[in-house]
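Student: I have a new structure open and would like to learn how to read it. Could you walk me through a few features?

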Amino acid sequence: TYGGMAGRDMAALAVGLDEATEFTYLHSRISQVEYLGNKLIELGIPVQKPIGGHAVFIDALQFLPAVAREEYPAQTLANEIYKEAGIRTVEIGTLLADRDPETRENRYPRLELVRLAIPRRTYTNNHMDYIAAAVKNVYDRRDEIQKGYHITWESEILRHFTVQLK
């Protein structure tokens with residue numbers, strides 16, 4: 001069977017898998033991520049080093065030191081970037097780490113990160129400049145961001161996908 005996937009979609013997937021093994025594509029993608037990471041570093045944004053091959057990770061604890069761990073600094077930063085410029089990011093921190101299944105206490109990972117992932121064959125370096133400028137705008141007003149969020153509802157497992165915050 002096709003597993004429920006349309007033939008056209010399977011063909012597109014096959015092309016994508018093939019292209020992702022080509023050196024020129026990989027070089028282009030990794031270079032673009034490096035371009036964004038270096039741009040953020042030039043602007044003084046605290047990012048994880050070395051820069052990754054598919055994403056740049058912003059250190060939310062350094063970016064928003066006034067936001068308490070209990071108020072989800074990485075989620076707060078992700079929301080601020082979205083409000084600033086409509087840029088979708090993802091929190092890689094306490095919300096994603098979820099709760100301890102027995103104690104139901106938050107698990108606090110060592111790092112609170114915001115991932116800026118770069119989709120394949122979609123954006124130009126002008127887009128990377130826009131992202132960098134938007135992140136810098138948030139960074140310039142970081143002292144105004146004193147509070148984060150509190151959970152008003154969460155699912156028993158995988159809260160990261162459906163959590164409701166205030």
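Tutor: Gladly! Let us begin with a term: a residue is buried under 20% relative accessible area, exposed over 50%, and partly exposed in between, using a 1.4 Å probe and protein chains only. Please note that this is a predicted model, where local features need pLDDT of at least 70 and side-chain atom pairs count only at pLDDT 80 or more, while totals for chains, interfaces and linings use all residues. Residues are numbered from 1 along each chain as its sequence is written, and side-chain values use heavy atoms, with hydrogens and water left out.

Student: What should I look for in the backbone?

Tutor: Most residues other than glycine have a negative phi, and most peptide bonds are trans. Here, Y72 has a positive phi of about 60°, and L158 has a positive phi near 55°. The peptide bond from K49 to P50 is cis, with omega near 0°.

Student: Where is Y72, and is Y72 buried or exposed?

Tutor: Y72 sits in the loop between α3 (60-63) and α4 (73-85); helices are DSSP runs of H or I with at least four residues, strands are runs of E with at least two, and both are numbered from the N terminus. With a relative accessible area of 3%, Y72 is buried. L158, in the loop between β4 (151-153) and β5 (164-165), is exposed, at 52%.

Student: Which residues have the most contacts inside the largest nonpolar core?

Tutor: A nonpolar core is a set of buried Ala, Val, Leu, Ile, Met, Phe, Trp, Tyr and Cys residues joined through side-chain atoms within 4.5 Å. The largest one here has 28 residues, and L36, L40, I58, F63 and L77 have the most contacts inside it. The largest share, seven residues, comes from α6. Contact means heavy atoms within 4.5 Å; beyond its neighbours within four places in sequence, I58 touches residues including F63, L77, I81 and V135.

Student: How do I describe two packed helices?

Tutor: The description uses the angle between their axes and the distance between the axes. Axes are lines fitted to C-alpha atoms, for helices over the stretch in contact, and angles run from 0 to 180 degrees between N-to-C directions. In this model, the axes of α4 and α6 come within 9 Å and cross at roughly 115°. On the α4 side, the contact is made by L77, E80, I81, E84 and A85. From α6 come Y130, A134, V135, N137 and V138.
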